[in-house]
Amino acid sequence: MKKRILGKTGFEISEVGLGTWQVGGKWGSPFSHPNADAILNSAVDNGVNFIDTADVYNDGESEKAVGRLVRSRSERIYVATKCGRQFSPHVDASYTTEGLRRFVEDSLKRMELETLDLIQLHCPPTETYYRPEIFELFDTLKKEGKIRNLGVSVERIDEAMKALEYDNVTTVQIIFNMLRQRPAEDFFAEAAKKNIGILARVPLASGLLTGKFTPDTTFGKDDHRTFNRNGEAFDKGETFSGVDYRKGLEAVEEIKQLFPEQTNLAAIALRWILMFKEVSCVIPGASRPEQVLSNVQASELPELSAEQMDGIRQIYEQHIWPDIANEKW
């Protein structure tokens, strides 16, 4: 597994990490700790040393599984979690430094860790980025030894840009994939100037970029790919990266034609992200150990050719860009 430096944290992390939104099983299914343990250990066995979780993933069960992994392994495993989504309603007025402090301390208890390598604000409302006291809290938590670094997970480009103005922000987690290319246009260059680590989330566009879906594919009723296609429950951009499902399928079929010899489109999609040197780590999820093995193959693949990169860009501009040109992400 190749390594990259996570911005000004200085952490040397695997370029393919693991996101744990569905580590206990498929979306909408009861959380399985044996399944989570198998996925997490498979990841570490195959060179992954960066795990991303959140306090709201499976009501804290994901954090418990990650903590158990870290305590059971001898390898240095970097743990990133997130806070803020527990505020209800999830609006700027709900955000308080007292509440965020409580969330951080609760995460430490669940994971049975003394310090978090990286705590990230979990897609806070846009207005929250304009409140310095929220960001200053994490300097205090760092002095107390509860965190090592602060990052943000964002929905929109303008939020990512605003986060760069805070000196204590070390990482930005942002949706970036073959069907969501806008972050590479301006944000990547600005992040590089400030040595900000970039974590690419939703790298497979909720599974679209595995190439395994068809117009007839169905998902469980509690799966966000069923109930959030138009942003009914949370930000639209989280589900299929905000792309119309059928148009996404059309784009994926054309992408497949660029790689006729490849059967693992997911690994190709991850390798495409890693072609951008500004990206520190891509964090695909996995609901079973076999998916981990598929994902880590991306680090072993050769670079994509200029012709392949150009072809992907043309497919994006033809199928995707016209529908999302006016979006904020």
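Helix H10 (residues 289-296) supplies the largest share of the lining of the largest cavity, 3 residues; helices (H or I, at least four residues) and strands (E, at least two) are DSSP runs numbered from the N terminus. The model is predicted, so local features need pLDDT of at least 70 and side-chain atom pairs count only at pLDDT 80 or more, whereas totals for chains, interfaces and linings use all residues. Residues are numbered from 1 along each chain as its sequence is written, and side-chain values use heavy atoms, with hydrogens and water left out.

The structure holds 1 cavity of 30 Å³ or more. On a 1 Å grid over the protein atoms alone, a cavity is a set of points where a 1.4 Å probe fits but cannot get out, while a pocket is an open set with protein on both sides within 12 Å along at least five of seven lines; lining residues have an atom within 4 Å of a point. The largest cavity contains about 30 Å³ of space, a volume being the space filled by probe spheres set on grid points that are joined across faces, edges and corners. Its lining consists of Val16, Gly17, Leu18, Val48, Val292, Asn295 and Val296. By class, 5 of these residues are nonpolar, 2 are polar and none is charged (Ala, Val, Leu, Ile, Met, Phe, Trp, Tyr, Cys and Pro count as nonpolar, Asp, Glu, Lys and Arg as charged, and the others, Gly among them, as polar).

The second largest pocket has a volume of about 190 Å³. It is lined by 13 residues, of which Asn230, Lys236, Val243, Asp244 and Tyr245 are the closest to its centre. At least two lining residues come from each of helix H8 (245-257) and helix H11 (306-324). This lining comprises 5 nonpolar, 2 polar and 6 charged residues.

The structure holds 29 salt bridges, each defined as a side-chain nitrogen of Lys or Arg within 4 Å of a carboxyl oxygen of Asp or Glu. In one of them, aspartate 37 is joined to arginine 68, with 2.8 Å between the closest N and O atoms. Because aspartate 37 lies in helix H1 (residues 33-45) and arginine 68 in helix H2 (residues 61-72), the pair ties together parts that are 31 residues apart in sequence.

Two features of the backbone concern loops. The peptide bond from serine 88 to proline 89 is cis, with omega near 0°, and proline 89 is placed in the loop between S5 and helix H3 (97-111). Alanine 205, in the loop between S9 and helix H7 (224-227), has a positive phi, near 50°. Most residues other than glycine have a negative phi, and most peptide bonds are trans.
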